[in-house]
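I opened this entry to keep track of what I looked up in one model. The notes go from the chain as a whole to its surface and then to its pocket.

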Amino acid sequence: MARDVQITFDCADPAGLAEFWAEALGYQLQGPPGDFASWEQALDAMGVPPENRNDASAVVDPEGVRPRLFFQRVPEGKTGEPRTGRPDAS
């Protein structure tokens, strides 16, 4: 049974981290949707303003084996405990 997996990272610079991890892991930046030749064209067509164009980025394994990595901008640095996906035991 095939299962799609994505790992999501909260960060301040999605494009910068996506480029770094693509290079480090041999991944590639995810291409634009549909028939768009570039992300710039896609974002223009979607009406995304320039100040929001680095809100998210993703990299994919060119062989489609390893998980997709998704980077999303968050407004401030993290100050609390790491999120583990598990409820507190306390």
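**Chain overview**

I looked up burial first: of the 90 residues in the protein chain, 17% are buried. The model is predicted, and I read every value below with that in mind.

I then listed the secondary structure. The protein chain has two helices and four strands. Read from the N terminus, their order is β-α-β-α-β-β.

**Surface patch**

Next I asked which residues make the nonpolar surface patch. I found L17, F20, W21 and L25, which together make a patch of about 340 Å².

W21 sits in helix α1, which spans residues 14-25. Is W21 buried, partly exposed or exposed? Its relative accessible area is 34%, so I logged W21 as partly exposed.

**Largest pocket**

I turned to the largest pocket and noted a volume of about 380 Å³. Its lining consists of 16 residues. Nearest the centre of the pocket I found W39, R53, A56, S57 and A58. Two or more lining residues come from each of α1, α2 (39-46), β3 (56-60) and β4 (68-73).

Which element gives the largest share of the lining? I recorded β3, with three residues.

Terms used: Residues numbered from 1 in each chain as written. Predicted model: local features only at pLDDT ≥ 70, side-chain atom pairs only at ≥ 80, totals over all residues. Heavy atoms only, no water. Patch = residues over 30% accessible without salt bridge, like charges linked within 9 Å, V, L, I, M, F, W, Y side chains within 5 Å. Areas by Shrake-Rupley, 256 points an atom, 1.4 Å probe, with all protein chains shown as cover. Salt bridge = Lys/Arg side-chain N within 4 Å of Asp/Glu carboxyl O. Buried < 20%, exposed > 50% of the residue type's maximum accessible area, 1.4 Å probe, protein only. 1 Å grid on protein atoms, 1.4 Å probe; cavity = no way out; pocket = protein on both sides within 12 Å on 5 of 7 lines; lining within 4 Å. Points joined across faces, edges and corners; volume = space filled by probe spheres on them.
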